[in-house]
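Here is a short briefing on one model.

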Amino acid sequence: MSAPQPLCGMGTCFGCRVDGVRTCVPAVPRPGPRRHAPVLIIGAGPAGIAAAEAAASAGAQVTVIDNNAAPGGQIWCAEGRTLPSGVQLLAATTVIAAADAERALLTAAGIISYGRLILCTGARELFLPFPGWTLPGVAGAGGLQALAKSGLVRVDGRRVVVAGTGPLLLAVAAWLRRHGAQVVRIAERTSWRKLAAFAAAMPQSKWGDALALGLGAGPRLRASTWPVRYTPGAVELNSGERVACDYLACGFGLIPCTEVAALLGCRLADGAVAVNEWQETSQPAIYAAGEATGIGGVDQALIEGEIAGLAAADAHEQAAALFTSRAEAHRFRRVLAAAFALRPELTQLADADTIVCRCESVSLAQLLSQPNWRAAKLQSRCGMGVCQGRICGPATATLFGWPGAAEPVRPPLFPVPAELLA
Amino acid sequence: MSPRPDVVIVGAGMVGAACAAALAREGLHVETIGEPAGGATAAGMGHIVAMDDSEAQFALTSYSSRLWDALDLPPQVERERRGTLWVAADEQEMAAARAKHSFYTAHGVQAEVLDERALAGAEPELRAGFAGGLRVESDSVVYAPAAAAWLARDVPHRAGATAVSVAPRRVTFSDGSSISCGAVLVAAGVASTALLPQLPIRVRKGHLAITDRYPGFLRHQLVELGYLKSAHGHAAESVAFNVQPRATGQILIGSSRQYERADARIDSPLLAAMLRRAFHYMPRLAQLSVIRTWTGLRAATPDSLPLIGQLQPGPWVAAGHEGLGITTSLGTAAIVADQMMGRATAIPAAPYSPGRAVA
Ligand SMILES: Cc1cc2nc3c(=O)[nH]c(=O)nc-3n(C[C@H](O)[C@H](O)[C@H](O)COP(=O)(O)OP(=O)(O)OC[C@H]3O[C@@H](n4cnc5c(N)ncnc54)[C@H](O)[C@@H]3O)c2cc1C
Ligand SMILES: Cc1cc2nc3c(=O)[nH]c(=O)nc-3n(C[C@H](O)[C@H](O)[C@H](O)COP(=O)(O)OP(=O)(O)OC[C@H]3O[C@@H](n4cnc5c(N)ncnc54)[C@H](O)[C@@H]3O)c2cc1C
C-alpha cells in the first residue's frame, strides 16, 4: 500500500471513520429524548433480527439498536436486511454505558429504558501478534472486508494473502475474489485432516457455502500454515514460503462481544454470556443470543435469536418447540471449536520487540516480566488505551494464559465526548 | 522458607510500598503481602500536593513533598513538575487564595497569586471571568502504580496471600497458615478495618474519567478552591473541579466524594455532576473524548488525618490517608521507620498517632 494506512484495520481501534460498517465506529452522538422500549434488542445481526421478528410476531413492541448504519450484522451488512414492520430501528446508535436508573441504557441517541433486553452483540476477531502485524498492509480478515465494503481501501486487482484460522478466512477469501482481488494464498493453520472432518460435519448453512467457495481456491489454500512475519509487500509463512502481496488479511478465530452483558452484571462463562434454556442471562429480564453466547455461526444466531425473542415476549411454548433445532446448532458449535482450536505454535510468533498492545505500543518484551494482566496493565499500560484491551486482552490471555485479560471493559464502552456522560 | 521477617506489611499499595522501602533501608528484613500497587493506589490521581487544611496536614504533606523531591525517580514514574493552580471563582474565593498564599509563603512554600488575566494566561482553556487563582510551583504529578512498584522493587512480596487476622507479631492467612515476625504493619487502605475493626476509617468513594490524548490542553493540575469544601467537608456526596494533565497527554477528570459506598459501580448521576462541574470551569472539556471511567475507595478518618504508629498494645498501622495517600506515603514511611528504630521523628507525629482516635 502506498499511502500510510490511517486505520488499524483490526476493527477495534475506534480511530476508524468507516461510517456504518464496523463495530469499531463510535456513532456520532445525537442526544435524544428519553424513551422506553418494552423489548429492546442490542445488535441487528442475524440473532437480533431473528429475535425482533419473533418478539414482534408474539405481539411485543420491539426496538432494535445497532451501531451500524443498517441492519445485517457482520454477515449481511453489505447487502442489508430489513426489520419487520412495526419494529423500531435506531441505527448508528451505540450502547455506551448503563444509565442512571435500573433497566436503562445510555446510548448515543439518549437514554433508553427497557422492560426486557436481548443482547445480540455478536463477535469480533481474535488477533495474535507476529512480527510486522502492526504495519500498514496488514488488516483483520473481516477488517479488510469491511474497509473494502466501505470504499476506504480498494481490493480489486490487488494481491491478498488471507491467513490465520477459522471458516471466516474462507468466507472472506471468497468475498474478496468476488470483488476482484487476487487471493494469492489462504494460509489456514488447522490441518487438512481437521478441515476435512469439519467439512463432513457441516450443516447446510452459510458456512457451507463459504467453505465451498473457499475450497474453490484450490491450490492456493494451504493447511497447517500460518504467517510468521510480515514485511512491507510480502508475508513469510511457517512453511518458509514468502508470498508477495498488497494486503495480508488475518484472523485467528472469533471471540464473543460481551461488553454490554458484563456492564449489566450478566455472568460470563468461558468468555461468553452464560444463558439458560430460555436464553436468559443471570440477570432477570436480560436475554442473550448469537455469537455473544459462544461462537456457533449464523444458524445458531438465528435459532437462539428466535428463542430469545419469543421468551422475552412470554411466548414460552413456541420457544420450547425450537429447542431441538437449537441443539443441532450447538452441535455445530462444538465441531467448529474442535476443528479450529488454536495451536501452541501460534503463541510463539511474536519477537521481543513485536508490539502486543497497539494503542499504547507495548512490546512483548515489556510484558514478559509481568506476572499477570493487572500488573501488565498498571506497569506497562498494556490494555489501557482507547480500545480498552479489546485486542491485546484476548491476545495476552492466549499468549500468557492470564485469567482476566479478556475482562470486561469499563464504561464508556466506546470513546465518547465527555458531554455525553454528563 | 526465608528467615523470620522483622516486619510483615499487610498492604502493597503506595503506603505499604513506601513503608517497605523505608524499613528495608534501615536494614530490616521486610515482607509485603497484598495486591501490588494496591487498590486506591491503582485508582487515584497521583497529585503530590502541599495541603493547608490544618497545620498537621500541612506538616505531613509538605514534609512528604520534600521527600518526593529528593527521590531520583525513574522515567516510568512519569514525574512532572506541573505545579498546582487553585482556581478562585469569585472574590470570596480570591480572599481564600490570598489567605492560602500568606500561609504557604510563611511556611516556605513558593506560591503566587494570579489575577483574572494572569489566570487566563496560565491556563487558556479555563472559562473567562474567574476572579483569579493561586499557583503553587512545587507541587507535582506522578504515576502512583509505577512509583509503588519502583519503591518496593527489592522487597520480598508474598504473591496471592490474603491476611485474615493480625496480632502484634503474627499474621494469619486465609489458607489457615500464619507467619510470625518482629512486627506487623497494617497498611491495607480501606480494608484495614477488616483486620483492625477499632480503626475509625470510613470508605469514601471517588470517580475519575480519563480522556484520549490532548497534549498541551492543560499545563497545571487544576483544582477549584471550593475543592477544600468537598474534600474536607463531610457531606454525604460532593463533587469538585480537579483535573490533571498526564505525561501521556491524557487528562484525568475528577473529583467526587461519596461516603459508605464500598462497591466499584459507577454512579452515573454523580459522574455526570462531576463532569458538569468540570465543564463549568473548562467548557471545552465537554468535547474531549472520554475513553474510560472508574472508581476508587479512599480511607477517610474523622479528622482527615492519617493513622500512623503503633496501636497500644498491638500491631503498627499506616492507613486512613483519604485523598492524599500518594503524597503522604513518603512522610508516613519516614515516621514509621523513625518510630520503629526508636528515633525522634522529623516532624511531630502526635497528630497522626492512632491512639488519638482509638478508644
Ligand atoms: C468481522 C467478521 C466477519 C464475519 N463474516 C462472516 C461471513 O462473511 N460469513 C459468515 O457466515 N459469518 C461471518 N461472520 C461470523 C458471524 O459472527 C456470524 O455468522 C453471525 O453473523 C453472527 O450473528 P450475530 O447476530 O450473533 O452477530 P453479528 O452479526 O456480529 O451482529 C452483532 C451486531 O451487534 C452490534 N453491536 C455490538 N455491540 C454493540 C453496541 N455496544 N451498541 C450497538 N450495537 C452493537 C454490531 O455492530 C453488530 O451489528 C463474521 C464475523 C466477524 C466478527
Ligand atoms: C479517585 C481518587 C483520587 C485520588 N487522588 C489522589 C491524589 O491526587 N494525590 C494523592 O496523594 N492521593 C490521592 N488519592 C488517595 C490515594 O490514592 C490513597 O490515599 C492511597 O493510594 C492509599 O494507599 P494505600 O497503600 O494506603 O492503600 P491501597 O492502595 O488501597 O492499598 C491497600 C493494599 O492493602 C492490600 N490489602 C488489603 N486487605 C488485605 C488483606 N486482608 N490481606 C492482604 N493484603 C490486603 C491490598 O491488596 C493493597 O495492596 C486518591 C484516591 C482516589 C480514590
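How do the residues of the shell around ligand 2 divide into nonpolar, polar and charged? They divide into 16 nonpolar, 17 polar and three charged. Here Ala, Val, Leu, Ile, Met, Phe, Trp, Tyr, Cys and Pro count as nonpolar, Asp, Glu, Lys and Arg as charged, and the others, Gly among them, as polar.

This is a predicted model: local features need pLDDT of at least 70, side-chain atom pairs count only at pLDDT 80 or more, and totals for chains, interfaces and linings use all residues. Residues are numbered from 1 along each chain as its sequence is written, chains are lettered from A and ligands numbered from 1 in the order in which they are written, and side-chain values use heavy atoms, with hydrogens and water left out.

**Ligand 2**

- The shell holds 36 residues, and B:Glu35, B:Thr41, B:His47, B:Ala163 and B:Thr327 come nearest. A residue is near a molecule if one of its heavy atoms lies within 4 Å of it.
- A polar backbone atom of B:Thr327 is 2.8 Å from a ligand 2 oxygen. For B:Ala40, the distance from a polar backbone atom to a ligand oxygen is 2.9 Å. A backbone N or O atom of B:Met14 lies 3.2 Å from an oxygen of ligand 2.
- On its own, ligand 2 has 1000 Å² of accessible area, and the protein covers 91% of that. Accessible areas come from the Shrake-Rupley method with a 1.4 Å probe; for residues, only the protein chains shown count as cover.
- In chain B, helix H1 (14–25), helix H2 (40–43), strand E17 (289–300) and helix H10 (325–340) each give two or more residues to the shell. Helices (H or I, at least four residues) and strands (E, at least two) are DSSP runs, numbered from the N terminus.

**Cysteines**

- Over all chains, the structure holds zero disulfides. A disulfide is a pair of cysteine sulfur atoms within 2.5 Å.
- A:Cys359 is in no disulfide, and its nearest cysteine sulfur, in A:Cys387, is 3.8 Å away. A:Cys359 is partly exposed, because its relative accessibility is 30%. The cut-offs are under 20% relative accessible area for buried, over 50% for exposed, and in between for partly exposed (1.4 Å probe, protein chains only).
- B:Cys181 is buried, at 0% relative accessibility.

**Backbone geometry**

- A cis peptide bond links A:Pro411 to A:Pro412, with omega near -5°. A:Pro412 sits in the loop between helix H13 (392–400) and strand E22 (416–417) of chain A.
- The bond from B:Gly254 to B:Ser255 is also cis, with omega near -5°. B:Ser255 belongs to strand E16 (residues 251–259) of chain B.
- A:Ala92 is not a glycine, yet its phi is positive, near 50°. Its loop runs between strand E3 (88–90) and strand E4 (95–98) of chain A.
- A:Ala285, not a glycine either, has a positive phi of about 70°. A:Ala285 counts as buried, at 7% relative accessibility.

**A sheet in chain A**

- Five strands form an open sheet in the order E8-E15-E9-E10-E11, with parallel pairing. Two strands pair if DSSP finds at least two bridges between them.
- Strand E8 (138–140) and strand E11 (221–222) are the edges, each pairing on one side only.
- Three bridges join E8(A) to the parallel strand E15 (residues 247–251) of chain A. A:Val138 stands opposite A:Leu248 in E15(A).

Key
Polar contact = N/O pair within 3.5 Å; in protein donor to acceptor, adjacent residues only side chain to side chain.
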